[in-house]
Amino acid sequence: MNASTDLDTLADFFDRYGVALTSGDVPAIAGCYALPGLVVADTYSFSFTSPAAVALSFVGAAPDYQDREVVAAHAQIEDVQPVSARLTMVAVEWEFLDSRGQAVPGERYRYLLRTSDEGPVICTVIRTG
């Protein structure tokens, strides 16, 4: 198994990403993305070409997590599909916990990741449910 499909590497990456998302650590979120990057959903798409653009795109997400009192996020990796030597498509269902330890409805995404010498980075995010 190569670095792009190693489950431990992917789990570590999504653990760091989940902590950054739920803590509102926008610079850490931006550090998880390749540039340029792309986000795709049913009703919109946007791209970003700089860490500042990544940060701006996620500034609005922090209040949503706060409103739902989300304090923790865990990525349940559902599927890993190698695309090439360095690209991997990963299906994830996010499991969230609120400040009372209760489950909060999660979200599903597919992430196209590129593996570099520093580890995986997100090239494209597709919201799937």
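The model is predicted, so local features need pLDDT of at least 70, side-chain atom pairs count only at pLDDT 80 or more, and totals for chains, interfaces and linings use all residues. Residues are numbered from 1 along each chain as its sequence is written, and side-chain values use heavy atoms, with hydrogens and water left out. Helices (H or I, at least four residues) and strands (E, at least two) are DSSP runs, numbered from the N terminus.

**Helix H1**

- Helix H1 covers residues 7-23, which makes 17 residues.
- From first C-alpha to last, H1 reaches 24 Å, close to the 24 Å expected at 1.5 Å a residue. The expected span is 1.5 Å times one less than the number of residues.
- Several H1 residues are buried, among them Leu 10, Phe 13, Phe 14 and Tyr 17. Buried means under 20% relative accessible area, exposed means over 50%, and partly exposed lies in between (1.4 Å probe, protein chains only).
- Gly 18, Ala 20, Leu 21 and Thr 22 of H1 are buried too.
- After H1 comes Gly 24, with a positive phi near 70 degrees.

- Strand E4 (residues 87-98) and strand E5 (residues 103-116) run antiparallel, joined by 10 bridges. Two strands pair if DSSP finds at least two bridges between them.
- The hairpin of E4 and E5 has four residues between the strands. Gly 101 in this hairpin has a positive phi near 80 degrees.
- E5 also pairs with strand E6 (residues 119-127), again in the antiparallel sense, over eight bridges.
- Arg 114 stands opposite Val 121, which is in E6.
- Two residues sit between E5 and E6 in their hairpin.

- Asp 98 lies in E4. Asp 98 counts as buried because its relative accessibility is 6%.
- A polar atom of the Asp 98 side chain lies 2.8 Å from the backbone nitrogen of Gln 102.
- Val 104 belongs to E5. With a relative accessible area of 12%, Val 104 is buried.
- Val 104 and Val 70 are 34 residues apart along the chain, and 7.4 Å separates their C-alpha atoms.

**Cysteines**

- The structure holds zero disulfides. A disulfide is counted when two cysteine sulfur atoms are within 2.5 Å.
- In general, a disulfide is a covalent bond between the sulfur atoms of two cysteines.
- Cys 32 is buried, at 4% relative accessibility. Cys 123 is buried as well, at 8%.

**Salt bridges**

- Side chains of opposite charge can pair when their charged atoms come close.
- The whole structure has four salt bridges. Each is a side-chain nitrogen of Lys or Arg within 4 Å of a carboxyl oxygen of Asp or Glu.
- Arg 108 and Glu 78 form one of them, at 2.9 Å from N to O. Arg 108 is in E5 and Glu 78 is in strand E3 (residues 70-82), so the pair ties together parts 30 residues apart in sequence.
- Arg 108 is partly exposed at 36% relative accessibility, and Glu 78 is partly exposed at 40%.
- Arg 108 also meets Glu 93 in a salt bridge, at 3.0 Å from N to O. Glu 93 lies in E4 and Arg 108 in E5, so this pair ties together parts 15 residues apart in sequence.
- Glu 93 is partly exposed, at 24% relative accessibility.
- Arg 127 forms a salt bridge with Glu 107, and their closest N and O atoms are 3.8 Å apart. This pair links distant parts of the chain, with Arg 127 in E6 and Glu 107 in E5, 20 residues apart.
- Arg 127 is partly exposed, with a relative accessible area of 38%, whereas Glu 107 is buried at 10%.
- Shared partners join Glu 78, Glu 93 and Arg 108 into one network of salt bridges.

Conventions. Polar contact = N/O pair within 3.5 Å; in protein donor to acceptor, adjacent residues only side chain to side chain.
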